[in-house]
Amino acid sequence: MPRRRSNLGYRTRGAEAVRRVIANQTEEERASANERNRQRMAQTRAEETAERRAARLEDARLRAQRSRSAAADLLRSQQNERDRLRVTHKHYEIKHIRNVQRILRERFCHHSPHGNLFGVQVQYKHLIELLKRTALHGESNSVLIIGPRGSGKTMLINHALKELMEVEDMSENVLQVHLNGLLQINDKIALKEITRQLNLENVVGDKVFGSFAENLSFILEALKKGDRTSSCPVIFILDEFDLFAHHRNQTLLYNLFDVSQSAQTPITVIGLTCRLDILELLEKRVKSRFSHRQIYLMNSFGFPQYLKIFKEQLSLPAEFPDRLFAEKWNENVQCLSEDRNVLEVLQKHFNVGKNLRSLHMLLLLALSHVTTSHPFITAADLMEANQLCSMDSKANIVHEFQKFVQRKAHSVYNFEKPVVMKAFEHLQQLELIRPMERTSVNTQREYQLMKLLLDNTQIMNALQKYPNCPTDVRQWATSSLSWL
């Protein structure tokens, strides 16, 4: 019987085929799954990378913003610090400029007790010895200090009194009386002022002097009660001494000089005047009681010393708060003293007058230009100040009619006689005109012969400063005033 064919192999081969198909499908599916997984992972990584990048970018943006904010805060802090330093420096500069102006103005206006004396050392020595003999030894003296205006008479006496008061116990034992002929216009007013400055009002009490003679006798009695050893010395300073010589009978001068010659209260009478003929103004009885001591101040220094005075007056002292600023200021002063334009300005001032008052006025006007933005004086400031100093005051106040009455004018200004006389008197008050001779009682004012106090140059300068000056006025000035 034929053997039955077994299907085992067939099944096996089918199974293997199936397994192979399944394996192939599995591999494909696995590959597909792997591909999907890979793509998913790639997508995930891409998404994570994008998020990370976004986070990184956001973090970088935040860091940049924080950095910009910190930089802005730093810049703001630096700007605030610079502003604070600028304000501090500004206040510092303002303080220094104010100190400079205060120191120099006190010096130029003779208010500083530490000012220097120039060219009067011999006169100063003579005066201080005279004052010490009165203050220490009870000697009475009288002296006249004579010199032109601005020569330093007041500064000389102030320095001498300052040195005298620095002596131990001298300030309490020496009395000072300062009179001025411009203020004490008569002896009665002068005696009241002496009483006030000597503190004798408390002695008087409620008593009221009825006459000048009673007041004078009281003062003289008070001065004559003492003696040379026990009385306080009294120093009388009479500024504008020549005006006291115009007082009636020169009673005050006579009695002061008379006391200075007596052996009673030690007094020293110091007169300050610019009149060289002052002794000729004194009455014989007054002149006989005067010691005839005279101290002359004539400013005998030359231009090199004048230039030295210029530098010393404008320089800052060593005790100035800011040493560096003071050094720069003094270096600038030295440069000014070597500048050609400045030397020319100083030479003109020296030629016109050697007095220090005009020099101080020049420096004071130049100092007015000093500000925080312009901290140092320049040559231009001194040149401008020189123009202001040399300006003719009379030429500035000369005023003409707005329109001069022409020879063939169509109209003439008509004013009442009182108006014309008032205008004429105003010209006389301005010292543009003055009477030729002493006014007579019988002479009417409109017929007085007057003299013009202006020269041709002053009038021409005034006309040039008047832009709308009529032609007729200019012709009148050139023709009628050409002989002046």
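Asn-249 is partly exposed, because its relative accessible area is 44% and the partly exposed class lies between buried, under 20%, and exposed, over 50% (1.4 Å probe, protein chains only). The residue sits in the loop between helix H8 (241-244) and H9, where helices (H or I, at least four residues) and strands (E, at least two) are DSSP runs numbered from the N terminus. Asn-249 is not a glycine, yet has a positive phi of about 60°. Most residues other than glycine have a negative phi.

His-292, also not a glycine, has a positive phi of about 65°. This residue belongs to the loop between helix H11 (284-289) and S5. With a relative accessibility of 40%, His-292 counts as partly exposed.

## Model and overall content

This is a predicted model, in which local features need pLDDT of at least 70 and side-chain atom pairs count only at pLDDT 80 or more, while totals for chains, interfaces and linings use all residues. Residues are numbered from 1 along each chain as its sequence is written, and side-chain values use heavy atoms, with hydrogens and water left out.

The chain contains 20 helices and 7 strands. Of its 484 residues, 33% count as buried. Contacts (heavy atoms within 4.5 Å) between residues at least 6 apart in sequence join residues at least 24 apart in 73% of cases.

## The sheet

Five strands form an open sheet, ordered S2-S3-S4-S1-S5 and paired in parallel; two strands pair if DSSP finds at least two bridges between them. The edge positions are held by strand S2 (175-180) and strand S5 (293-296); each has a single partner strand, so one side of each lacks a neighbour in the sheet. On average, neighbouring strands of this sheet are turned by 15° against each other, direction ignored. Strands of a sheet pair through backbone hydrogen bonds, either parallel or antiparallel.

S1 and strand S4 (residues 267-273) run parallel and are joined by 6 bridges. Within this pair, Val-143 has Ile-270 of S4 as its bridge partner. Helix H5 (residues 187-197) packs on the sheet and touches S2 and S3, its direction making about 150° with that of S2. H2 lies across S1, strand S3 (234-239), S4 and S5, and runs at about 145° to S5. For these angles, axes are lines fitted to C-alpha atoms, for helices over the stretch in contact, and values run from 0 to 180 degrees between N-to-C directions.

Ser-140 is in the loop between helix H2 (121-137) and strand S1 (141-146). Its relative accessibility is 14%, so Ser-140 counts as buried. A polar atom of the Ser-140 side chain lies 3.2 Å from the backbone nitrogen of Ile-267. A polar contact is a pair of N or O atoms within 3.5 Å; within protein, one must be able to donate a hydrogen and the other to accept it, and residues adjacent in sequence count only if both atoms are side-chain atoms.

H9 is mostly covered, with 9 of its 11 residues buried. Among them are Thr-251, Leu-252, Tyr-254 and Phe-257. Asn-255 also lies in helix H9 and counts as buried because its relative accessibility is 12%. A polar atom of the Asn-255 side chain is 2.7 Å from the backbone oxygen of Thr-251. Leaving out residues up to four places away in sequence, Asn-255 touches Leu-216 and Leu-220.

The count comes to 1 cavity of 30 Å³ or more. On a 1 Å grid over the protein atoms alone, a cavity is a set of points where a 1.4 Å probe fits but cannot get out; lining residues have an atom within 4 Å of a point. Grid points are joined across faces, edges and corners, and a volume is the space filled by probe spheres set on the points. The largest cavity has a volume of about 50 Å³. It is lined by 10 residues, of which Leu-191, Ile-219, Leu-220, Leu-252 and Leu-256 are the closest to its centre. H5, helix H7 (212-224) and helix H9 (251-261) each supply at least two lining residues, and H7 gives the most, with 4 residues.

## Leu-316, between H12 and H13

Leu-316 lies in the loop between helix H12 (303-314) and helix H13 (323-338). Its relative accessibility of 6% places Leu-316 in the buried class. Not counting residues up to four places away in sequence, Leu-316 touches Val-100, Leu-104, Phe-325, Ala-326, Trp-329 and Asn-330. The C-alpha atoms of Leu-316 and Glu-327 are 8.3 Å apart, with the two residues 11 places from each other along the chain.

Conventions: On a 1 Å grid over the protein atoms alone, a cavity is a set of points where a 1.4 Å probe fits but cannot get out, and a pocket is an open set with protein on both sides within 12 Å along at least five of seven lines; lining residues have an atom within 4 Å of a point.
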